[in-house]
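Please read each point alongside the displayed model.

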Amino acid sequence: MNSNMLRLKLKRIDPVKYAIVATLVYLLILLIVYVPIILIASLAGGMSDIGAGAAMLGGGIIGIIFAIIFMGIFVFIITLIACSLLNFILKKTGGIDIDFEKAGLSISEIGEDRRIEQ
């Protein structure tokens, strides 16, 4: 093995933290992609006969709020289940070997004060 390579083994992932991170990433993507589509669709829908009824219900804004809440809950639960299944499989198979390339400080050097005092 190369001296610049560090081999670690992934044994477990914290399901709750991973689900929070995955949910936040998904919601950011949802805001970037879904919000403009819903706003454009609500503008186009406002030109039709059902536009008045949709406008009384808040148009696309209500849809955006409900989508963010429900999709956030849904993604959190699904990711929590998937991560728990991953941990179960990692436990049964002995983990996944991951190779890292040493680019800077080694793990033992992290946190050391490396200032040169004159």
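1. In this note, a residue is called buried when its relative accessible area is under 20%, exposed when it is over 50%, and partly exposed in between, with a 1.4 Å probe and protein chains only. By that definition asparagine 87, with a relative accessible area of 11%, is buried.

2. The model is predicted: local features need pLDDT of at least 70, side-chain atom pairs count only at pLDDT 80 or more, and totals for chains, interfaces and linings use all residues. Residues are numbered from 1 along each chain as its sequence is written, and side-chain values use heavy atoms, with hydrogens and water left out.

3. Asparagine 87 is placed in helix α3, residues 60-93; helices (H or I, at least four residues) and strands (E, at least two) are DSSP runs, numbered from the N terminus. Its side chain reaches the backbone oxygen of isoleucine 13 at 2.6 Å. This is a polar contact, that is, a pair of N or O atoms within 3.5 Å; within protein, one must be able to donate a hydrogen and the other to accept it, and residues adjacent in sequence count only if both atoms are side-chain atoms. Leaving aside residues up to four places away in sequence, asparagine 87 touches Arg12, Ile13 and Pro15, where contact means heavy atoms within 4.5 Å.

4. How many salt bridges are there (a side-chain nitrogen of Lys or Arg within 4 Å of a carboxyl oxygen of Asp or Glu)? The count is two. In one of them, arginine 7 pairs with aspartate 99, with the closest N and O atoms 2.7 Å apart. This pair joins distant parts of the chain, 92 residues apart: arginine 7 belongs to strand β1 (residues 5-10) and aspartate 99 to strand β2 (residues 96-101). Arginine 7 is partly exposed at 45%, and aspartate 99 is partly exposed at 38%.

5. Lysine 9 forms a salt bridge with aspartate 97, the closest N and O atoms lying 3.4 Å apart. Here too distant parts of the chain are linked, with lysine 9 in strand β1 and aspartate 97 in strand β2, 88 residues apart. Lysine 9 is partly exposed at 46%, as is aspartate 97 at 45%.

6. One aromatic pair is counted. The rings of phenylalanine 66 and phenylalanine 70 have centres 5.8 Å apart and planes at 15°, so the pair is stacked. Rings of Phe, Tyr and Trp (its six-membered ring) pair if their centres lie within 6.5 Å; planes under 30 degrees apart count as stacked, over 60 as edge-to-face and the rest as tilted. Both residues lie in helix α3, four residues apart, about one turn of the helix. Phenylalanine 66 is partly exposed at 44%, whereas phenylalanine 70 is exposed at 53%.
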